[in-house]
Amino acid sequence: MTQHTSRLIADIGGTNARFSLVYPGVAEPQDTRVLPCDDYDGLAEAATAYLEEIAPPVHPLAGAFAVACPVLGDRVELTNRDWIFSVAELKEQLGLERLEVVNDFIAVALSVPRLTDEHKIAVGGGTSVFGAPIAVIGPGTGLGVAGLLAGESGWQALPTEGGHVTMAAATEKEARILDWLRDRHGHVSAERVLSGPGLLNLYQALAALEGRTAEFTSPHEVTQGAQAGDSLAGETLATFFAMLGTVAGNLALTLGARGGLLIAGGIVPTLVKQLPTSEFRSRFESKGRFKSYLAAIPTHVITHPYPAFVGLAGLALRAN
Ligand SMILES: Nc1ncnc2c1ncn2[C@@H]1O[C@H](COP(=O)(O)OP(=O)(O)OP(=O)(O)O)[C@@H](O)[C@H]1O
């Protein structure tokens, strides 16, 4: 192992900051740690704490970080966390000579060609058309969305802010839920319902519409309640999966994602057993005359614990 060429990789979400080290010739990232963002004032502090804990024999000189927000220039502002940083300053603070910062779903998208069957589970039928666009979507603290397009020099990831598209209702009940949320939040984006905080929004909306008491106060309580047989939590989760199907189908149509659609993020992989019996796939296909187009598109849940790292490892080792 040539330790002097290690790269620091990071996947920074609104809740979790994940770090790891990549070594040339070593397939798996090493010394992975997940740090709660709440424990740190900023990304530099979290990364420094990681490096202090691991104390690699030789300090990494290059890094590739995936962040849950648009990356439009030197100044980077996380969408669901009050962390703002300058890439140039962060590079200096961490003692790196090179630092590449990309949107987190770019990293997830870049992982897709590198994932084996062991790291994804199919939901429904369909067959991937080789070389056709691929879509990725992931509810977590926010809702990440990206595309993967075949280019002349290999796969190119397409960054998007598709989590912020306007959420559409597919049933009268969903229309009432969205009306209720619109009264409180104004614009109701897909992320407003398809994320951890979104699960809670759905739960509160359903409770209000049905005149029931919203007992649960966190997204985890809602999913645990659903698993324990609580009917309101169960209805919330069913609505979440159905709405995920609506948005995933819209994304597949918009990108022409005949290569497939993959679901990542912190929530769905933990609920993967419930997805096949949910309305997700029927809603994904339920697009009128385009039903057969969508029925041919495979949908998978990514079960790899750190898909962004798989994509970043390729980027980090490509960096000169
Ligand atoms: N089993 C679960 N049930 C309900 N909510 C969950 C579950 N697992 C994770 N969450 C919610 O998912 C969110 C964290 O997702 P994730 O682990 O993808 O974090 P993140 O990478 O920091 O997020 P992002 O990249 O979207 O900013 C939190 O809102 C958490 O409450």
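Domain bounds here come from an automatic or database domain assignment. This is a predicted model; local features need pLDDT of at least 70, side-chain atom pairs count only at pLDDT 80 or more, and totals for chains, interfaces and linings use all residues. Residues are numbered from 1 along each chain as its sequence is written.

**Stop 1: the two domains**

Colour domain 1 (3-104 + 306-318) and domain 2 (116-303) separately. Their C-alpha centres lie 27 Å apart. Now look at where they meet. Ten residues of domain 1 are in contact with nine residues of domain 2; contact means that the C-beta atoms, placed from the backbone, lie within 7 Å. The side of domain 1 that touches domain 2 has three nonpolar, six polar and one charged residues. In this count, Ala, Val, Leu, Ile, Met, Phe, Trp, Tyr, Cys and Pro are nonpolar, Asp, Glu, Lys and Arg are charged, and the others, Gly among them, are polar.

**Stop 2**

Helices (H or I, at least four residues) and strands (E, at least two) are DSSP runs, numbered from the N terminus.

**Stop 2: Asn 201**

Stay with helix 5 and pick Asn 201, which is found there. Asn 201 is buried, with 23 other C-beta atoms within 10 Å. Buried means that 20 or more other C-beta atoms lie within 10 Å of a residue's own, exposed means 12 or fewer, and partly exposed is in between, with C-beta atoms placed from the backbone. Leaving aside neighbours within four places in sequence, Asn 201 is in contact with Leu 181, Arg 192 and Val 193. Draw a distance to Pro 219. The two C-alpha atoms are separated by 9.1 Å, and the residues are 18 apart along the chain.

**Stop 3: strand 1**

Go to strand 1 (residues 7-12), the place of Ala 10. Ile 12 is found in strand 1 too. A UniProt "binding site" annotation, from an unreviewed entry, covers Ala 10, Asp 11, Ile 12, Gly 13, Gly 14 and Thr 15. UniProt positions are given in the numbering used here, feature names are shortened, and annotations may be inferred rather than shown by experiment.

Is Ala 10 buried or exposed? Ala 10 counts as buried, because 26 C-beta neighbours lie inside 10 Å. Not counting residues up to four places away in sequence, Ala 10 touches Ala 17, Arg 18, Phe 19, Ala 47, Phe 65 and Ala 66. Ile 12 is buried, with 27 other C-beta atoms within 10 Å. With neighbours within four places in sequence left out, the contacts of Ile 12 include Leu 43, Val 67 and Leu 78.

**Stop 5**

Next, select helix 3 (residues 104-111). Eight of its eight residues are buried, so helix 3 is largely enclosed by the rest of the structure. Among them are Phe 105, Ile 106 and Leu 110.

Then show the largest nonpolar core, which has 95 residues. Such a core is a set of buried Ala, Val, Leu, Ile, Met, Phe, Trp, Tyr and Cys residues joined through C-beta atoms within 7 Å. Ala 66, Ala 109, Val 136 and Leu 251 have the most contacts inside this core. Helix 7 (residues 231-255) gives the largest share, twelve residues. Domain 1 and domain 2 both give residues to this core, so it lies between them. Click Leu 251. Leaving aside neighbours within four places in sequence, its contacts are Ala 135, Ile 137, Val 145, Gly 162, Ala 257 and Leu 261.

**Stop 6**

Finish at the loop between helix 1 (43-54) and strand 4 (62-67), where Pro 56 lies. Pro 56 counts as partly exposed, with 14 C-beta neighbours inside 10 Å. Ala 55 lies in that loop too. Ala 55 counts as exposed, with 8 C-beta neighbours inside 10 Å. Most residues other than glycine have a negative phi. Ala 55 has a positive phi of about 45° although it is not a glycine.

Key: Two residues are in contact if their C-beta atoms, placed from the backbone, lie within 7 Å.
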